[in-house]
Amino acid sequence: MNLVDPNWYQVTMLFPLRDNEGERFSDEVWRWWRRKITSLQRAFMDEGAVNGWWQGKHDGQYRKIVVNVKGKEKVDQLRIFLQEAIKMFRQKAMYLEYHLVWFEEVR
């Protein structure tokens, strides 16, 4: 393994727990979400609910998902997933962060 250069991307995505009117999303939305994300990625970390702030005020709670993927193509697939999620979660935009990391499965 080459430990000099980062070899994977770490991707962070946030999914709102409530819509813009404060209502919870339906079970149907979350079933779609689970089917879609597990079809794209078999392993990810669901870090649970986090609070979001925007322009100095509490903006809501979000489900924080972190995943490590090998290759920019997988990042692009997750971006497309978020573009679909924008419609399902009735948002104007959604959070996507990614950066190169060193990743290793220690055995």
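Rings of Phe, Tyr and Trp count as a pair if their centres lie within 6.5 Å, taking the six-membered ring for Trp. Keep that in mind as you look at this predicted model, where Phe-15, Phe-25, Trp-30, Trp-32, Trp-33, Phe-44, Phe-81 and Phe-89 form one aromatic cluster.

Let's start with those rings. The structure holds ten aromatic pairs. Now find Phe-25 and Phe-89. Here the centres are 4.8 Å apart and the planes stand at 75°, so this pair is edge-to-face. Phe-25 belongs to the loop between S1 and H1, while Phe-89 belongs to the loop between H2 and S4, so these two link distant parts of the chain, 64 residues apart. Phe-25 is buried, with a relative accessible area of 7%, and Phe-89 counts as buried too, at 0% relative accessibility.

In soluble globular proteins, nonpolar side chains tend to be buried together. So what does the largest nonpolar core look like here? That core has 21 residues, and those with the most contacts inside it are Met-13, Phe-15, Trp-33, Leu-78, Phe-81 and Phe-89. Two or more residues each come from strand S1 (8-16), helix H1 (27-40), strand S3 (57-69) and helix H2 (72-88). H1 gives the most, with six residues. Zoom in on Trp-33 and, leaving out residues up to four places away in sequence, you'll see that Trp-33 touches Phe-15, Phe-44, Arg-63, Ile-65, Phe-81 and Phe-89.

H1 has 14 residues and reaches 20 Å from its first C-alpha to its last, close to the 20 Å expected at 1.5 Å a residue. An α-helix has 3.6 residues a turn, so residues three or four places apart point the same way. Which residues of H1 are buried? They are Val-29, Trp-30, Trp-32, Trp-33, Ile-37 and Leu-40. These residues cover an arc of only 155° around the axis, which puts them on the same side of H1.

Charged residues come next. Side chains of opposite charge can pair when their charged atoms come close. A search of the whole structure finds seven salt bridges. In one of them, Asp-19 pairs with Arg-90, the closest N and O atoms being 2.9 Å apart. Asp-19 lies in the loop between S1 and H1, and Arg-90 in the loop between H2 and strand S4 (96-101), so the pair ties together parts that are 71 residues apart in sequence. Is Asp-19 buried or exposed? At 11% relative accessibility, Asp-19 counts as buried, whereas Arg-90, at 46%, counts as partly exposed.

Another salt bridge joins the side chains of Lys-36 and Glu-84 (3.3 Å, N to O). Lys-36 lies in helix H1 and Glu-84 in helix H2, so the pair ties together parts that are 48 residues apart in sequence. Glu-105 also forms a salt bridge, with Arg-107, and both Glu-105 and Arg-107 are exposed. Finally, salt bridges that share partners join Lys-72, Asp-76 and Arg-79 into one network.

Key: Residues numbered from 1 in each chain as written. Predicted model: local features only at pLDDT ≥ 70, side-chain atom pairs only at ≥ 80, totals over all residues. Heavy atoms only, no water. Core = buried A, V, L, I, M, F, W, Y, C linked by side-chain atoms within 4.5 Å. Buried < 20%, exposed > 50% of the residue type's maximum accessible area, 1.4 Å probe, protein only. Helix = DSSP H or I, 4+ residues; strand = E, 2+ residues; numbered from the N terminus. Contact = heavy atoms within 4.5 Å. Expected span 1.5 Å × (residues − 1). Arc of directions from axis to C-beta. Salt bridge = Lys/Arg side-chain N within 4 Å of Asp/Glu carboxyl O. Phe/Tyr/Trp six-rings, centres within 6.5 Å; stacked < 30°, edge-to-face > 60°.
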